[in-house]
Each structure stands twice: as structure tokens, then as C-alpha cells.
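Please open the structure in a viewer and keep the selection tool at hand. The stops below say what to select next and what is there.

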Amino acid sequence: MPDNAHENANERLVVFSDAVIAITITLLVLDIRLPMPAEGLSDAALLQALLAILPQLLAYGLSFLVIALFWLGHKARFDIITKSSGPLTWLNFFFLLAVGLMPFVTAILAENGGATGTCLYAGLLLVVSLLLVTIGLYADFAGLVDPETRHRPRQSWLAALGPAAVFALSIPIAFINPDWAKNCWWLLIPLSLLGHHRRVKAA
């Protein structure tokens, strides 16, 4: 297949991926509703209703941030992938399949933040993280990346192992204390900043 055909295939894949991720983020907010119509409520009653959906708002904010981090990781990989292949396309489809479940697990986490809900959420994000790592690994070893940036794929997929480790660690902790497990997820912020710094330095 000519090189320009590979480039066109990658461009369509990235555009499709961006659309799926954008739709997923939009679907997150559709589950956030007041427990009662806001019309006619007093200030005190409206404040109480808003406090009642605070877990949903926090879960939405968390999932928005996590999906944004995954989008940045996905973008970093495809910025240096110059060729396409069938396995790469299907790996990307599986990645999007897992990302598409985010609204479902987010709603469960918001309604029930116990051990099962926390493990389900962390388990899905562990799968998403590992799929992103696999995309980078495959593209690297299949020779689908720009030869001038051969050093960057390894740094990219190694950085993606950080979020995978965070979510994997939080699963057993959830059985001890679900809140401790959720607090582990704050580690994603410094890991993301570190990964961004490394990408900028390697560019």
C-alpha cells in the first residue's frame, strides 16, 4: 500500500477516535439530573438537591479528567505513527470499545462507591490503559512509527504504564477501603505532568 494511503488511513482513524471520545465525554453529563424539578424550589431545597447529586458531579469530573488524559496519550502515540495496519486498527477499536463504557461505570461509581463499584471502575480503566500501552508497543515493534522518532514510542508506552499501575494498585485496596482506592487515583495528575514533560523534552 502506498505511503499516502497509510497516512490517509491513520488520519481517518484519528478523526474517528476523536469523535468517539468526544461523544463519550458528552454522554457522561446526560446522567446528571436533579432528583426533582428545579422549578418552584426554594433556595434551601435547591441547595439540598444540588448536594444530593454531588457524587454524580464528582464522578463526572473524575471521568472527564481521565478521558482527557487518555486522549492526550492517544494523540501522543498517533502523532508519531506514520503507517497503518489491520492489527493497529483493531487495537484502536478495542481501545474505543473500552472507553465507550466509561459513562456506564461512571454512573455506577456515582450511585454506589463501594468496593464493587470502585473495582469495576478501576478495572475498566486498567484495561483502557493497557490497550493504550499495547497500541504503542505494537506500532513501535511493527515499524509503524516515524524513523526519526524511534526513541519516543518507548518513552510513550512506558509512561502509559504509570496509570495502569495506579488502577491496578487501587483494585486490591478497594476491598480494604474504597475511599483509599479512590484517593490513589490522584496520582494520575503528577504522572500525567511527568509524561507530558518527557514528551516535550523528547520532541
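Begin by selecting Cys119, which is buried, with a relative accessible area of 13%. Here buried means under 20% relative accessible area, exposed means over 50%, and partly exposed lies in between, with a 1.4 Å probe and protein chains only. The model is predicted, so local features need pLDDT of at least 70 and side-chain atom pairs count only at pLDDT 80 or more, while totals for chains, interfaces and linings use all residues. Residues are numbered from 1 along each chain as its sequence is written, and side-chain values use heavy atoms, with hydrogens and water left out.

Next, select Cys184, which is also buried, with a relative accessible area of 13%. How many disulfides does the structure hold? It holds zero, where a disulfide is a pair of cysteine sulfur atoms within 2.5 Å. In general, a disulfide is a covalent bond between the sulfur atoms of two cysteines.

Now turn to the aromatic rings. Rings of Phe, Tyr and Trp (its six-membered ring) pair if their centres lie within 6.5 Å; planes under 30 degrees apart count as stacked, over 60 as edge-to-face and the rest as tilted. By this rule there are six aromatic pairs. Select Phe16 and Phe93: their ring centres are 5.9 Å apart and their planes stand at 85 degrees, so the pair is edge-to-face. Phe16 lies in helix α1 (residues 3–30) and Phe93 in helix α4 (residues 86–99), so the pair ties together parts that are 77 residues apart in sequence. Helices (H or I, at least four residues) are DSSP runs, numbered from the N terminus. Phe16 is partly exposed, with a relative accessible area of 41%, and Phe93 is partly exposed at 31%.

Then select Phe167 and Trp185, a tilted aromatic pair with 6.3 Å centre to centre and 55 degrees between the planes. Phe167 is in helix α7 (residues 151–176), and Trp185 is in the loop between α8 and α9 (188–202), 18 residues apart. Phe167 is buried, with a relative accessible area of 1%; Trp185 counts as buried at 5%.

Technical notes: Helix = DSSP H or I, 4+ residues; strand = E, 2+ residues; numbered from the N terminus.
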